[in-house]
Each structure stands twice: as C-alpha cells, then as structure tokens.
Amino acid sequence: MSLTLAQVEHIAELARLALTDAEKALYREQLSAILEYAAILQRVDTSMIPPTATVLPLRNIMREDIVQPSLPIEDVLANAPDAADGCFRVTAILEG
Amino acid sequence: MLHELSVHAAAEMLRAGEISSVELTEAVLDRICAVDNEIKAYLTLLPEEALAQAAAADRHLAAARAAGNMAELSPLLGIPLAIKDVISVEGVRTTCGSQILENYIAPFHATAVEKLLAAGAVILGKTNTDEFAMGSSTENSAYFTTHNPWDLERVPGGSSGGSAAAVAADECLAALGTDTGGSVRQPASLCGIVGLKPTYGRVSRYGLIAYGSSLDQIGVLTKDVTDAALLLGTIAGHDPRDSTSMDLPVPDYTAALRTSNARLTSDAIPCTAHASHRTPSHPRPPRIGVPREYFIAGIQPEVETAVRAAIQVLADLGAEVHEISLPHTDLALPVYYLIAPAEASANLARYDGIRYGLSVPGDTLWEGYRRTRGQGFGPEVKRRIMLGAYALSAGYYDAYYLKAQQVRTLIRQDFEVALRQVDVIACPTSPTTAFRIGEKAADPLSMYLADIFTLSLNLAGLCGISVPCGFDAAGLPIGLQLMGGAFQEETLLAVAFAYEQATAWHRQKPALVASSPTE
C-alpha cells in the first residue's frame, strides 16, 4: 500500500493540517510503511465478526435534566486567543 | 530520607506525628531541586501551592488528633503527588506536552484530581509526557525529553515517562499517569516501579484531555503495590460527568492485599473478585496463565529469563501455572495503530485556534485552522492525525477502521477465553529494557513495537499492572506484567502483592540517589 502525494495532500486537507513539502514527502513514506504493516489484517476472515467500538456493556447513558451551574463566561473565554463581548471572535466566513 | 518514603510509610509517620506534611513536602521539593535538572520529569512545578496544601493537611491532622478520630483519615492526607500533564488541574497550565497548549490554563479539575485533593493530597506539579500521550519515550514532548533515573542516556519510557521517572527518582511519592496502549505500564517497567492500568470505566476520564477515547484510562505509578491499591481506591468510581465510568462499588483494594498475606494460597483471591466462576466453599489457589505468544523472537533474553523466574516465584508461592494462548496477539499492533489514530484524529479536531491554545491567523477561517494545527502539533501527532483521518475517510473506512474494530473483537475474545481458564495472565511488560535516547526516534514503526505487549489489554479494556522483577546486565529494570479480567483489580493486586513480598526488586533505587550532591 503506497500512498501518492495527491493522497497525502488530500488527507492533510481533511485533517486541516498545513504541511511543508518535506513533511508531505516524509509522511508519504512513513504512512505507506505503516499501512503496509496494517495490511496483515486483510488476511483475517472477519465476515461474521461484529466490530467493537466500546468494550463496555453501556448504551445511551441518560441523566436527569436538572439545571446545574456551568463555568462562568469569563473562565470559558480566559484561554481564548481572541474574544469580544462575551464571545469568541473568528475570521469572517461570509462576504459583507 | 523523607523523599524516599512510600505513600503508606509516609501516611503512618504522619498519623504518628513523627513528621509533618510540610516537612515531607519540603523534602520532596528539595529533592526535585537537586535532581530534576538531570531527570527533567516536571513540566510545571507548584511549590507554593503544594506547601499551602501541606499546611492545610497538617491542620487537618492536628484537628483529627485532638478529636481522636485518626482512623477516619484518608491515607493520602498530606502526601505529595505528581500529575501527568494531560490531566487537568484547575488554574494550572496543562500543556499535554504540546506547543498548541503551551499557555492553556485548565478551568476545572479532572475528577481524579478532585478526588485526590478531597483526600487531602498535595500536588507538586505536572509531569512530562509525549505530546498528547502519543509515544513510548517522552521524546515526542514538545518541551524536552525526560531521562531515565537508572541511566540518564536512556528514555524513561512513555508516554507517562515524566511521572515514572519522578517516582523512580523520589521526586514525588506517587503519580498519576494515563494508559492508552501501555503508557503507564511500559514506563513503570523501564523505570523499575509499579504501574497500574485500571479497567476501562474504573476511573473517570473527566478532565483527562482525550487521545483515544475507547482506550484511554487514568492509572497510577507508585513505589510499591500497596501504594497502587491506596491510590486506585481514592480515584476509582462512577462519575456522572463521564458516561463511560461504570456505576460499580469501589472495593477496599488494600483489603485484597491483606487477604493475600504474601502467600498465594486458596485465600489469596478475594471471593467477590471471581464470584462468577468460583464459590467460597470451593477455594483454590489462583491460576496464572502464561501466553506463549508473548515469548517471541526479538525479546531481550534477560527480559525473558527474569519474567520466567518471576512466574516460578508465583508457582513457588502456591499459584497454579498454565500455558495459555492469545492467538490474535500479533494483530494487536496494527489494530491499535488504526483505532487509536482514528479516535485521535476526531478528538484533536478541537484544536482550531479559536477557543483555546495556539492561534495562527490566516486570511480565511480554513487557512487559520491549517496554519494553527500545522505549527502547533509536533511530528508524531500530525502523523497519527493523518493516519486516523485516512482510516476514517470515504473509500477506506471499511478496509481499515471497520476491519480494525472487527479484529479488536477477536482480541477481546482471546482474553475472554483465556480468563475462563486462569485468573491472571503473566508476561513481560516490555520486550526490552530502557532504550537509548534517539535510538528509535527516526523510525515510527520500531517505536510502536515498544508497546507490543501492552496494547492488547487496552483493546480488550481490561486491567493490568507492571511490577519490578529484575535487572539486565546493564543494571536496567525489568517489569513483570500481570493482566486481569474486567474490574478484577483486587485479584491483580493480590497476586502482584504476593510477588512483591517474596522479592526485593522494588526496594532497589537508582544510583542517582547515592550520588546526588545534596545527600
């Protein structure tokens, strides 16, 4: 399983990662080697085997709908790179 | 030397009034000053906060003494501990070993931390980790590499390498770590201490910054098995803020040690721990399974010799030893390196430069995301995000992610079958002793192989412990791994304790202790 440069660039876009050309070349090589190693799994017949997403016998844990205190807004915004008027500020996504 | 004390020994001295928590905490802080410039275990130190917590613990002790109710005190009251820097401590910088969280101040406590503080423990600081707990050596930390106290040229293991080195170098009495694929057990093995990974769901993950959510579990790194039982008893339990924490009672784990009484006789296993297949009226000694797939070519011969000798010690103590098979063992590594990165790629999507952490502006929101993440994450984290995003992407999901989840089921079934035949599985924790800094850093696959004996347990969601079982010719520690069934920590601890009481490995200290200039 060898990845192409275009595939590496596609994955980087899916993951929102700006990569240098050197990083793309390195990850192309390393991810290809890891995927080649993972190909061993294709030899196992799993046609009748259900997947495991969690090991616990729990499904849909619900709690009572009770109003509880949450973090104060200033604490929530304390780590924000950019905030104004009690909100996170982001780059505009719509043309004015 | 007060910094050399175990948690339980210090707790006895605190209750007896022989020492104060302030004296103990000052001794450990002095020790950190003396050795941490070489070990580099801590990312953040909290000396003032720790001494204030210690003074409060001393007041609590004095009040209890005056009132005559010392028996009700927590064994962790006044005990100085370290916390791995992927676990949130309110008001304290929590970096996850990453540049992207260099200035992040946690706005709330992790539940495990809240429980430690409620028990009166003292928090000394935050320990180094591979970035977002992804690694086996701490070399993936964005800040520095922690050094193994047994040989400063070597890694302490990882990802909880800072916590393991801090315990081994007596820079704390015990520490919290996290274990997603072996990150508590492997560094414990490489540093010659005890590392316990509880069953998935035993300890709340609330406030643990997520890596692989179906695998992550907070664990403890300690100087002996008794301390592991004490810490687990404090941090375990259901938490409504973590829907994957199980609503099960927390047993008295130290009682399990007392029943084991250093002999693996028919009383060694607490009845509650295996009620499903044994009744108290038919007592028998614990059965230890030795999986043949864990003694393979490539394992360091001294590791195999030491682990086989440890299994003989268990047999001499009265355990029945059986060879068993975990037939899908060789598939655990590829399964883990598809599932954990897939979960990581989803979990780490939150680092967008908007709500917290590094923010690198771009002309568009999208460009800001790309630049922030491209600059903020280190090479291993980017590699795993890429791998995970690929395994989850359209056209490859069935072939990689779904396939890995199906083989995960086969690995779980291996353990289900084996643990019907035996109570505990014994094997090496790591195929080698501590490797040299830089030795595996250039080749991700060779680094991944360092976790080959620990990954399966996380995939199966069970509990495991590493205890010291010898040294190689270079004087580097070797760890015995014991693995137990879901929520069978009492059995695990009882067998580990019996082994520990029959041997003296856990009492050995690195030479660093003797050569330290302050001593």
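Let's start with R383(B), which sits in helix α12 of chain B, a helix covering residues 379–392. Please keep in mind throughout that this is a predicted model.

Is R383(B) buried or exposed? Its relative accessibility is 7%, and because buried means under 20%, R383(B) counts as buried. Its side chain makes a polar contact of 2.6 Å with the side chain of E380(B). Leaving aside residues up to four places away in sequence, R383(B) touches Y27(A), Q30(A), L31(A) and I34(A) from chain A, along with P444(B) and Y448(B) from chain B.

Now to strand β6 of chain B, residues 218–222. Here 5 of the 5 residues are buried, so the strand is largely enclosed by the rest of the structure. Which residues point which way? I218(B), V220(B) and T222(B) point to one side of β6(B), while G219(B) and L221(B) point to the other, and all are buried.

Two strands pair with β6(B), as you can trace in the model. Strand β4 of chain B (residues 174–178) runs antiparallel to β6(B), with 5 bridges between them. Within this pairing, A175(B) has L221(B) as its bridge partner. Strand β5 of chain B (residues 194–197) also pairs with β6(B) in the antiparallel sense, over 3 bridges. There, V194(B) stands opposite T222(B), one of the buried residues noted above.

## A kinked helix, α2

Helix α2 of chain B spans residues 21–39 and has a kink of about 40 degrees, centred on C33(B). Just after the helix comes K40(B), which takes a positive phi of about 60 degrees.

Helix α16 of chain B, residues 489–502, is 14 residues in length. How far does this helix reach from its first C-alpha to its last? The span is 20 Å, close to the 20 Å expected at 1.5 Å a residue.

Of the 14 residues in α16(B), 12 are buried, so this helix is largely enclosed by the rest of the structure. The buried residues are E489(B), E490(B), T491(B), L492(B), L493(B), A494(B), V495(B), A496(B), F497(B), A498(B), Y499(B) and E500(B).

Technical notes
Residues numbered from 1 in each chain as written. Chains lettered and ligands numbered in written order. Predicted model: local features only at pLDDT ≥ 70, side-chain atom pairs only at ≥ 80, totals over all residues. Heavy atoms only, no water. Buried < 20%, exposed > 50% of the residue type's maximum accessible area, 1.4 Å probe, protein only. Helix = DSSP H or I, 4+ residues; strand = E, 2+ residues; numbered from the N terminus. Pairing = 2+ DSSP bridges. Polar contact = N/O pair within 3.5 Å; in protein donor to acceptor, adjacent residues only side chain to side chain. Contact = heavy atoms within 4.5 Å. Bend = angle between axes of the 7 residues up to and from the residue. Expected span 1.5 Å × (residues − 1).
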